[in-house]
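Subject: Structure handover

Hello,

Here is the structure you will be working with. Please have it open while you read the notes below.

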Amino acid sequence: MLSFLNNCSQLVQSDCVLCGAPTAQGQVCPRCGAALPVSSGGCPVCAGPGEDRICGDCLREPPPYTRCIAALRYEFPADELIQALKYRGALALAPILAEWLARAVAHAPRPDLIIPMPLFPARARARGFNQATEIARPLAHRLGVRLDTTSLSRIRDTAPQAQLSLPERRRNVRDAFACARTVAGLHVALVDDVMTSGATLREAARALKRAGAAEISLWVVARALPRK
Ligand SMILES: [Zn+2]
Ligand SMILES: [Zn+2]
């Protein structure tokens with residue numbers, strides 16, 4: 001079913017990216033679209049599990065951002081698509097993910113600025129692109145919001161978070177970001193592909209806050225639920 005992911009250069013724009021069936025929209029056929037693991041409900045602040053109420057974690061320790069909006073749950077096929085973009089350079093998938101994110105934020109408060117989560121420069125060079133920027137660019141264009149890829153930067157490389165506990169994740173990314181004051185007084189939407197514990201996004205949001213951002217929204221393509 002997902003054999004196309006290994007050979008995205010042959011991706012034919014008029015075929016469904018998931019099943020290969022012809023589709024008028026040129027993206028995802030109605031059948032696959034209906035089966036996408038759409039993210040709904042949950043904590044209105046962090047989009048974590050819950051019943052449309054602010055979760056205990058956010059009440060105990062209010063995050064530096066106002067709200068998180070996730071388009072999908074990080075499950076099949078969203079996980080496969082994001083991994084194909086990130087690790088196999090399937091850049092053709094970025095505008096599709098951006099389109100799903102655009103739909104999810106259609107009724108959300110409009111930001112002044114869209115900022116993609118920066119990678120550490122050496123990491124971005126090794127990969128050749130930043131997946132968050134690839135998603136944020138068509139999203140910003142579609143919504144008519146200014147894209148800013150320079151104000152926020154990652155000033156420290158950090159170990160992968162996957163094997164770490166939440167306190168370790170927080171420590172690992174502490175002060176990993178710097179932000180210019182060009183965001184002062186603005187509502188910023190910080191865009192990323194996946195949010196898991198949220199520790200890295202939280203730290204980036206802290207840097208934006210320190211630089212004077214008035215309000216921060218997190219817009220992520222997919223929300224993964226962290227292991228407890
Ligand atoms: Zn399909
Ligand atoms: Zn929460």
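The notes below cover the metal sites, the helix packing and the backbone.

This is a predicted model, in which local features need pLDDT of at least 70 and side-chain atom pairs count only at pLDDT 80 or more, while totals for chains, interfaces and linings use all residues. Residues are numbered from 1 along each chain as its sequence is written, chains are lettered from A and ligands numbered from 1 in the order in which they are written, and side-chain values use heavy atoms, with hydrogens and water left out.

Metal sites

The zinc ion (ligand 1) has Cys16 (SG), Cys19 (SG), Cys29 (SG) and Cys32 (SG) as its protein donors, 2.3 to 2.4 Å away. (Donors are N, O and S atoms within 2.8 Å of the metal, or 3.2 Å for Na, K and Ca; water is not among the atoms, so sites may look incomplete.) Along the chain these donors follow the spacing C-x2-C-x9-C-x2-C. The site is tetrahedral, with angles of 104 to 113° among its 4 donor atoms; four donors count as tetrahedral if all angles lie between 85 and 135 degrees.

The zinc ion (ligand 2) is held at 2.3 Å by Cys43 (SG), Cys46 (SG), Cys55 (SG) and Cys58 (SG). Here the spacing in sequence is C-x2-C-x8-C-x2-C. The arrangement is tetrahedral because the 4 donor atoms subtend angles of 105 to 114°.

Helix packing

Helices (H or I, at least four residues) and strands (E, at least two) are DSSP runs, numbered from the N terminus. Axes are lines fitted to C-alpha atoms, for helices over the stretch in contact, and angles run from 0 to 180 degrees between N-to-C directions.

Helix 3 (residues 78-88) packs on helix 4 (residues 94-104) at about 135°, with the axes 10 Å apart. That makes helix 3 oblique to helix 4 (under 35 degrees is roughly parallel, over 145 roughly antiparallel, 65 to 115 roughly perpendicular, and the rest oblique). Leu81, Ile82 and Leu85 of helix 3 meet Ala94, Leu97 and Trp100 of helix 4, where contact means heavy atoms within 4.5 Å.

Helix 4 and helix 6 (residues 131-143) cross at roughly 50°, their axes coming within 8 Å. These two helices are therefore oblique to each other. The residues in contact include Leu97 and Leu101 of helix 4 and Ile135 and Leu139 of helix 6.

Backbone

Most residues other than glycine have a negative phi, and most peptide bonds are trans. Ala47 is not a glycine, yet has a positive phi of about 60°; Ala47 sits in the loop between helix 1 (30-34) and helix 2 (56-60). The peptide bond from Phe76 to Pro77 is cis, with omega near 0°. Pro77 belongs to the loop between strand 1 (67-73) and helix 3.

Regards

Technical notes: Tetrahedral: all angles 85-135°; square planar, octahedral: opposite > 155°, others 65-115°.
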